[in-house]
Each structure stands twice: as C-alpha cells, then as structure tokens.
Amino acid sequence: MAYLNENYLKLQAGYLFPEIARRVHEFCEANPQAAKRVIRCGIGDVTEPLPRAAIDAMKRAVDELGKRETFRGYGPEQGYEFLRSTIAQHDYRDRNIDIADDEIFISDGSKCDCGYILDILGDQNKVAIPDPVYPVYVDTNVMAGHTSRVKSDGSYENILYLPCTADNGFVPERPREHVDLIYLCFPNNPTGAVASREQLSSWVEYAREHEALLLFDAAYEAYISQPGVPHSIFEIPGARECAVELRSFSKSGGFTGVRCGFTVMPKTLLAKTESGKKMPLHPLWHRRWSTKANSVSYPVQRGAEALYTPAGGEQVRALIDHYMGNARILRAAAAEAGMTAFGGINAPYIWVKTPDGLTSWQMFDRMLRDLNVVITPGSGFGAQGEGYFRISAFNSRDNAEEVARRLERLC
Ligand code: MLT
C-alpha cells in the first residue's frame, strides 16, 4: 500500500469556502422556501460578465487555433512574451518601477501561486503569517510539511502569527524575533486594510536586516481608491532584493473562472543553501515552471492582454466601480445597523464586528437563518478573526441593495 502525505492530516477542518458551501447547502435542503431568498456574500467570487475586450480577444485566439497558419501548440512555460511585456510595462515600468519582462511569470492564479512558490523554498524557513488572513498561506505551508503539531487553539507550532487587530489598523507589526519568510497581503483579504508607504518600508527594512523574503500578495491592488497607497511592494526602495509579488486577474478582470495571474520574481532576489551559499531564486522558479507546467492557455493569455488595452482598461474600471459601489452600500448598511465596520474603501470586503458578543460562526448561522444572507465567519481567517465576519461586495447591485435592506432588521 502506498504511503499518504501525513501533512494533510494536520489540516484543520475543511478549506473554509467549501465548508461554508456545505453548511449553506444543508440549510437550503432543510428550508426550501428560505433557500429561494438566499443571497451569497461569502466567497469573494465575481458575478458580473467578463469585459468585452477580453471576450473578443479570447474568441479571436480560439479562431487562430482553428487555422493551420495561425495554430500554436505549447507556449513558453513562463507565459507568452506579449503578456509578460504588457504587464511589466503597464503595471510596473509606466509607474517608474524597474521590472523586466522576464521577471514576470504567468500562472493560473494567485491561489495556485501561493502553493507553487513553496516548491522552491526550504523546509527550514521560519514562517510569519498575518492573522487573520487568506487561509491559503497557512494551509499550503501545512501541506508542504512546514508546520509541526497543531495546538489546542488551532494554531500551528513553527508559524509565527502576526496579529492584525483594530488597534493596529489590521496592519501587522514587525516581529521582534528573526523569521525567514513573511506573507503580506494588501489590500487585505479579509479586513480590507491597506498598508502605507511607511509601513511597507518598515517591512522591507526588516526583510533586508534579517535577509528574509516577503511574499507580497497584491491580488486586490486594482481596488485601491485612496491616493498615496502603494499598489506594489516594488514601489518601496530595496524591495527587489527581498520580495516576490503575487497578482491576479481574478478580481480585476473578473477571471475567477477563466484563471490567470502572475508572480513577479526579481532576478536580484537571493536565498541561501543549507551551507550558507547565496543563490538567486529566479532560475529555480523558471526551472519549476519549465518542469511542472506549461503556463496557461493561449486564449486566456490573449484575454488577459486585452485588459490592458484602452477599451479593456475602461471595462475593468467599470467592473471595479460596480463592486466598490456595492461595498459602499454594504458598509453603510452595516454601520446603520449599529455594527462597527472596517474596509470597503480600498478593497471589496467589509470586515464587521459581530454584535452582542456572538462568535463568528454564531453570526454566520444568524445571518443565514434570520436574513438568508451568507457571509464568511472571521474566525475562518485565523484566531484573531474571531468575533468578526466578512461581507463580500462581489454581487449584483440588486442583491447588494437587498442585503442592505435586510441588515436593517438587525438594528
Ligand atoms: C475569498 O473569498 O477570500 C477569495 O475569493 C478566495 C480566493 O480568491 O481564492
């Protein structure tokens, strides 16, 4: 009999979103009338159709594949040059950030990159992860065997949790001790918080002092509305020597189902061997892609490229404005219902303190039972998320307004 990967046995419960879906399914089965009224503000999944520019580009690309003269087989493992150069130019060089085309690696999304990147990082790393945060960071480290025992409070030994609370504006403080690998996510999922230039500079300074690596998840950068808030870790001097950035077209171009994202891996970024020899990570990342994958499909990469055209850019802007309009409505409704609400200004998530001392899952049950609204329990993002819940603004305007009306009933 084959041996299984016992690291998977250390995982806590199921992955958060399937667990929510399971509970909602159970509720709907037991309450068929209420089931018809259920509005989902749980998982941050887009609801609006794809931008026209992306649809047209993908159709054209499929047609090319249908003709001998324009047919293409395997593409470059790192992604097509046309997309890598478009990204490097528009997202970075046009903003005075020094990123070369071959420092961009196209992938099927940020969630996937979170798992893939651990292929090239050692097991010895002391890992720091904000709490609460996107649960994929912890779970992928557990699966990779980077954690040992799970403690009675559900946290893992070997992970240093960085508390993100209302007191620190949901931006973690630098640890007093040494760590090797630090996850940062701004705009933040789930709190919607952003980090200032000073705060990110301080993290870059820490990483350089400790020769640590920052994994900077900027999947929601397109939602930043306030001027002066950094969109990329590479806006901070020195970040090329200590950071990898993860980005996604899921929430900007509505590609959650299409699947496309990318990592920025500077060639100047070093990590060390057991014997202390410093080596660049870029060739390892390239090797990982060429051995294990063939990037994403040609039509998808053409679709992503089209998001950078003038028409595509306007359509992306309209999508983001739509979701952020929902966010304003939902945040105001939560506040009017007497709850303390954060986020929703630079991110499509509203982070709300549960009323009446309810736990996050009690609030989940109450919202589902009494309002027929699905939210995400804050504790699913980490221990510090207990006592909070997240409302996703990814929805139609009608649904957002209906949820706002239903929230009044909590007053
Ligand atoms: C979320 O709801 O936190 C996200 O949609 C999950 C994801 O992007 O994988």
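Analyst: The account below begins with the ligand and then turns to the domains and to selected residues. This is a predicted model, in which local features need pLDDT of at least 70 and side-chain atom pairs count only at pLDDT 80 or more, while totals for chains, interfaces and linings use all residues. Residues are numbered from 1 along each chain as its sequence is written, and side-chain values use heavy atoms, with hydrogens and water left out.

The shell around the ligand consists of Phe17, Ile43, Gly44, Tyr134, Asn189, Tyr220, Lys251, Tyr349 and Arg390, a residue being counted if one of its heavy atoms lies within 4 Å of the ligand. By class, this shell comprises five nonpolar, two polar and two charged residues; Ala, Val, Leu, Ile, Met, Phe, Trp, Tyr, Cys and Pro count as nonpolar, Asp, Glu, Lys and Arg as charged, and the others, Gly among them, as polar.

A backbone N or O atom of Gly44 lies 2.6 Å from a ligand oxygen. For Arg390, an N or O atom of the side chain is 2.7 Å from an oxygen atom of the ligand, and for Lys251 a polar side-chain atom lies 3.0 Å from a ligand oxygen. The ligand taken alone exposes 270 Å², of which the protein buries 87%; these accessible areas come from the Shrake-Rupley method with a 1.4 Å probe.

The protein is divided into domain 1 (6–49 + 311–410) and domain 2 (55–309), with bounds from an automatic or database domain assignment. Each of the two domains supplies at least three residues to the shell around the ligand. Their C-alpha centres lie 25 Å apart, and 36 residues of domain 1 are in contact (heavy atoms within 4.5 Å) with 44 residues of domain 2.

Cys41 is found in the loop between strand E1 (39–40) and helix H3 (52–65), where helices (H or I, at least four residues) and strands (E, at least two) are DSSP runs numbered from the N terminus. Cys41 counts as buried because its relative accessibility is 1%; buried means under 20% relative accessible area, exposed over 50%, and partly exposed in between, with a 1.4 Å probe and protein chains only. Cys41 and Val373 are 332 residues apart in sequence, yet their C-alpha atoms are 6.8 Å apart in space.

With a relative accessible area of 3%, Arg247 is buried. Its side chain makes a polar contact with the side chain of Glu221 at 3.4 Å; such a contact is a pair of N or O atoms within 3.5 Å, where within protein one must be able to donate a hydrogen and the other to accept it, and residues adjacent in sequence count only if both atoms are side-chain atoms. A polar atom of the Arg247 side chain also lies 3.4 Å from the backbone oxygen of His231.

Finally, helix H9 (residues 298–306) is mostly covered, with eight of its nine residues buried. Among these are Tyr298, Val300, Arg302 and Ala306. The buried residues of H9 pack against H3, helix H4 (81–92), strand E2 (104–107) and helix H10 (310–336).
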